Amino acid sequence: PVKQNNKILGVLFIFQDISEHERTKIRTQQLEQRALLGEVTAVFAHEVRNPINNISTGLQLMALNTPKEDTEAHEMIQRLLGDCTRLTNLMESVLTFSRTGNYNFAPLDLGSLLERLLKRWRPRMERLGIQYHVKIAPDTLPVRGDQRSLDQVFTNLISNAVRVMGKQGGTLAVKIGPHFSSGGKAFTQVDISDTGPGIPEEMRKQIFEPFFTTSPNGTGLGLSITKEIVTAHRGRIDLTSFPGGTIFHIYLPVINTTEEIKL
Ligand SMILES: Nc1ncnc2c1ncn2[C@@H]1O[C@H](COP(=O)(O)OP(=O)(O)O)[C@@H](O)[C@H]1O
Ligand SMILES: [Mg+2]
């Protein structure tokens with residue numbers, strides 16, 4: 001109420017949009033929690049990694065000192081060594097998971113990123129009898145991306161593809177080109193295909209959930225991290241799969257040079 005000489009002249013309403021303020025506050029809290037989680041996980045991982053290494057070295061020594069005839073003991077040691085590998089992988093993945101969220105967006109050429117990654121995989125693929133080829137459309141545009149996390153995205157997808165094709169070998173194909181959403185937004189599309197067993201229909205929802213895995217040494221974190229990173233880029237990931245192969249489609253927004261050149 002606005003008063004003058006005890007007479008009410010009028011009533012003043014003040015409306016304030018606190019939603020923006022609230023959003024920023026929540027976002028800040030989330031970032032702080034993430035940073036703390038990252039620190040705790042990093043220390044924890046370090047503390048756990050050393051004992052696992054010791055156990056693993058001990059087991060290898062035991063294997064050397066166990067007579068060959070004792071197959072039961074050897075089997076048990078191999079199982080325990082497998083557990084050590086699984087724990088180490090899990091630790092690595094949890095570390096990466098806690099690190100996601102720090103994005104440094106810049107214009108990025110996905111073609112050269114993928115060619116660089118595939119070069120790293122070449123020796124292993126040659127050993128396994130896996131062929132690969134990359135096809136890049138000439139009109140492909142750079143995306144707005146964080147290089148480290150996109151390395152992670154494509155490494156996860158390539159490593160799954162290589163693993164499911166396994167010793168039978170096969171073909172890994174990467175196709176890169178422009179894509180326009182129905183709303184006319186410009187994306188760069190990356191298709192990564194393998195000639196593995198495919199993913200059964202009923203499993204396709206679950207594969208993006210953390211800890212879902214069908215691999216004995218898997219962590220089940222690869223695709224959930226991948227999806228989180230792609231989403232943070234305002235992109236999209238989906239797949240086509242059939243008995244005989246799987247294609248993961250990744251769409252990342254191209255960099256808007258007029259607005260975002262300052263990034
Ligand atoms: N290219 C693929 N072909 C067939 N199955 C796949 C493929 N990629 C992922 N999967 C399935 O999705 C599961 C989850 O993958 P991911 O999240 O990377 O975890 P992990 O690799 O540790 O198992 C895999 O265990 C596998 O069953
Ligand atoms: Mg994986």
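A pocket is an open set of grid points with protein on both sides within 12 Å along at least five of seven lines. In this predicted model, the largest pocket is the space taken by ligand 1.

**The pocket**

The largest pocket holds about 1200 Å³ of space. Its lining comprises 41 residues, and those nearest its centre are Asn-156, Ser-159, Asn-160, Arg-163 and Gly-218. Helices α2 (71–99), α3 (110–128), α4 and α5, together with strands β7 (186–194) and β9, each contribute at least two residues to this lining. Helix α4 provides the largest share, ten residues. By class, the lining consists of 17 nonpolar, 20 polar and four charged residues.

**The shell around the ligand**

Ligand 1 is surrounded by 19 residues, and the closest are Asp-194, Thr-213, Thr-214, Thr-219 and Leu-223. At least two residues of this shell come from each of α4 (147–165), α5 (222–232) and β9 (245–253). Helix α4 again gives the most, here with three residues. The shell contains seven nonpolar, ten polar and two charged residues.

**Polar contacts**

Which atoms of Asp-194, Thr-214 and Gly-220 approach ligand 1, and at what distances? The table lists them.

| Residue | Protein atom | Ligand 1 atom | Distance |
|---|---|---|---|
| Asp-194 | polar side-chain atom | nitrogen | 2.8 Å |
| Thr-214 | polar side-chain atom | oxygen | 2.4 Å |
| Gly-220 | backbone N or O atom | oxygen | 2.8 Å |

Taken alone, ligand 1 exposes 540 Å², and the protein buries 95% of that area.

Technical notes
Residues are numbered from 1 along each chain as its sequence is written. Chains are lettered from A and ligands numbered from 1 in the order in which they are written. This is a predicted model: local features need pLDDT of at least 70, side-chain atom pairs count only at pLDDT 80 or more; totals for chains, interfaces and linings use all residues. Side-chain values use heavy atoms; hydrogens and water are left out. A residue is near a molecule or strand if one of its heavy atoms lies within 4 Å of it. A polar contact is a pair of N or O atoms within 3.5 Å; within protein, one must be able to donate a hydrogen and the other to accept it, and residues adjacent in sequence count only if both atoms are side-chain atoms. Accessible areas come from the Shrake-Rupley method with a 1.4 Å probe; for residues, only the protein chains shown count as cover. On a 1 Å grid over the protein atoms alone, a cavity is a set of points where a 1.4 Å probe fits but cannot get out, and a pocket is an open set with protein on both sides within 12 Å along at least five of seven lines; lining residues have an atom within 4 Å of a point. A molecule sits in a cavity or pocket if more than half of its atoms lie within 2 Å of its grid points. Helices (H or I, at least four residues) and strands (E, at least two) are DSSP runs, numbered from the N terminus. Ala, Val, Leu, Ile, Met, Phe, Trp, Tyr, Cys and Pro count as nonpolar, Asp, Glu, Lys and Arg as charged, and the others, Gly among them, as polar. Grid points are joined across faces, edges and corners, and a volume is the space filled by probe spheres set on the points.
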